[in-house]
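Me: Could you walk me through the salt bridges in this one? I'd like a close look at how the paired side chains are placed.

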Amino acid sequence: MYNHNLVEKKWRKIWKDSRLYTFKDDLNKPKFYALDMFPYPSGAGLHVGHVKSYTPTDVYSRFKRFQGYSVLHPIGWDAFGLPAEQFALATKNHPSSFTKKNIDNFKIQIEQLGFSFDSNKEVDTTDPQFYKWTQWIFIKLYEKGLAEIKNIDVNWCPELGTVLANEEVLTDDKGNKVSERGGFPVVKKPMKQWVLKITKYADKLIDDLDLVNWSNGLKSIQKKWIGKSVGAIVKFKVENSNDEIEVFTSRPDTIFGVSFIGLSIDHDLVKKNKNSEIEKFLNKINSLKEYERTSINSEKEGINLKINAIHPITNKKIPIYVCNYVLSNYGNGAIMGVPAGDKRDFDFAKKYNIEIINILKDKELPFEGDAKLINSDFLNNLETSKAIEESIKYFEEKKIGKKQVNFKLKDWLFSRQRYWGEPFPVLFDENGKILIEKNLPLLLPKTNDIKPSGDGKSPLANLVDWVNVKIDGKLYKRETNTMPQWAGSCWYFLAYLLKDGDKYIDLDSKEAFEIFKRWMPVDIYIGGQEHAVLHLLYSRFWYKFLYDIKIVPNKEPFHEIINQGMILNNGEKMSKSKGNVVNPSDIVVSHGADALRLYMMFMGPITASLPWEESGIDGMYKWVQRVYRLFESKEIIKDFNNLELEKKYHNFIKKATSFMQVFDFNLVISEMMIFINECYKYDFLNYEYMLGFIIVLSCFAPFISEEINEVFLKNKTSITKNEWPKYDESKIIEDKIKLPIQINGKIREILEIEKGIKEQEIYKLV
Ligand code: ANZ
């Protein structure tokens, strides 16, 4: 019987001793860069979610190596940041020793799983040699005016003792704002903070999505988050005063339907016209959270300012209201109310008896942009987009408004009041003037007092000797905030390319540029969809900036992305609190890494969320045994040939190759199963076919493949040194044809059907 524990242990040692997976670029070969989203080395160790995400990249890397590519498939540690620090605080450890211990543990687990990573290429964001360059990029951003200190309303999380970026704040089931990490309450608080001006790249971040091969779903998540809205600013004069109100509208073509003006509660004009009644209303509104009053279904409320605005075209008087649903921080904090086009405006107008100006002839009022301008002669019967364009032109001619593009994306709040992060290479003189620390890396000082103060001051502020610096007789204070965890992950995929043993090639060197020219963009990137508007947006922003300052040669870092699905247990996400976590190391002992890897890839498509099933992994364990028994029980002969087996083999390789190419790994595995069943029918097997099979198998199950290659195929060199098996089309007699089933432009399934089948019959198969 095949003993997976012994065999896997044996090959782990051989691979390690012979440095089998050491990466050395071969310029004669085309490159292939397969990237995993690197893990936080938390105390909990690797979970099956990691295995689900790292196995496909490993399988594909092995496939590409067989196909003659120079493949880079690295791993590293996203080791700064809240999770490690929270864990360290809870367990009274120092984050650095604790992180090191966790990394060691992760490494053991990764080796157990047989991933073909090169440890020479490993990066660690907390390594000063690494964060030297994170700090360097920050300085460049600062020098180009893309990093600045701002007094802004931030998301303050008292429990975590830090501010959070918008992308790190979620809304829970009850509608409360909570932190992405830990689900702690988040409140708004004014603070002085570093921001990175990602908004300057908003247009490029949308437009360049055309350059990459991502799913439409992922692209649209990013587009929605960036929220580009093209429209106009329109000016309304206030009656009997010199005041003007500027509103932002995405439907300038509805101008003739404006029935009132709506202001946000902290609009300047509201402040100017305050009286006790208005004050009372504002207090009432202020007691509610913004999202409670602005959602489409929430009760619309407002108060009449009792002054009128003048319509810029018709000169009609229209009332001005304070409206609870007008946001202060979007557009101009003011709207033109068009009940004929907007449901919220309609509800509001009805409630406050505002005269509704209908812009439609003989029609009920439609909502949500359905309004077509009929009363206006110049917009009559135009398509909406054309009418919008014409309206803007008209506004500009008459000087009553102009084109305006708005984004929902806000600048990226970049400082954290925490210890475990990159220090900012920044000093302030006595007048608060900024001096850049050029001597990099600026090391994170050692201290055991890492607890956040709770009042918004960073733990680093306690280190008086570190904070106060004298340069040329002048006193300076260091910035005591640290960078967020996302900083290191913004460029780590470049760091792998620069890692050379225990050193890094300088990011701004000519040598680095040449390497990037060969290796960027990443060819395939696999990771969780939860990073769609965090890491994947931030890293694109940094990469575009590095492109603009000529550090990298192209505009987009990740050519193709696959978001792997989750592994569920009894229909739920695995989590420690639910006690339903499957530990991959336990499975490696009970069933073997090969069986685990195979099972993970056999469960279904990579992108699907699928249940963990004991019976499934047991079944795969049995199949691994069955493969071994086949080799044990049959005689493998070099020149043996059997026409039937030959046909089956070439068919198998053809299918396996095409499924491999498109990541349909579950289909490759089922083809392997079919082929093994075939082989059991013969007493003798052909050496060439069995080697071909083992090469395919080794992408998924590297341990048993090496063992069979050595013991039964009697080869002295590693199975990894082979080429991908070829098939001969003339040996395949097709009596079936393949029919790919496409849904929304993606191949969902490939049906095998008999030649000559009728169309109606095919529908029955789907
Ligand atoms: C008139 C109009 C007529 C509008 C119509 C919509 C439909 P997006 O596309 O998301 O950018 N708006 C503008 N500023 C606002 C604020 N601070 N708070 C709440 N709503 C605001 O949305 C733009 C539309 O949202 C704008 O176009 C404005 O209403 C509203 F048939 O103007 B519209």
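With which residue does Lys510 form a salt bridge, and how far apart are the closest N and O atoms?

Reply: Happy to. This is a predicted model, where local features need pLDDT of at least 70, side-chain atom pairs count only at pLDDT 80 or more, and totals for chains, interfaces and linings use all residues. Numbering runs from 1 along each chain as its sequence is written, and side-chain values use heavy atoms, leaving out hydrogens and water.

The partner of Lys510 is Glu514, with the closest N and O atoms 3.9 Å apart (a salt bridge is a side-chain nitrogen of Lys or Arg within 4 Å of a carboxyl oxygen of Asp or Glu). Both residues sit in helix α16 (residues 510-519), 4 residues apart, about one turn of the helix (helices are DSSP runs of H or I, at least four residues; strands are runs of E, at least two). Lys510 is exposed at 66% relative accessible area, and Glu514 is partly exposed at 38% (buried is under 20%, exposed over 50%, partly exposed in between, with a 1.4 Å probe and protein chains only).

Helix α12 (residues 384-397) holds another pair, Lys393 and Glu390, 3 residues apart and so separated by about one helical turn. Their closest N and O atoms are 3.5 Å apart, and Lys393 is partly exposed at 46%.

Now look at Arg540 and Glu556, which meet in a salt bridge at 2.8 Å, N to O. Arg540 belongs to helix α17 (residues 535-548) and Glu556 to the loop between α17 and β25 (561-563), so the pair ties together parts 16 residues apart in sequence. Arg540 is buried, at 0%, and Glu556 is buried too, at 5%. Shared partners join Asp208, Arg540, Lys544 and Glu556 into one network. By this rule, the model has 43 salt bridges.
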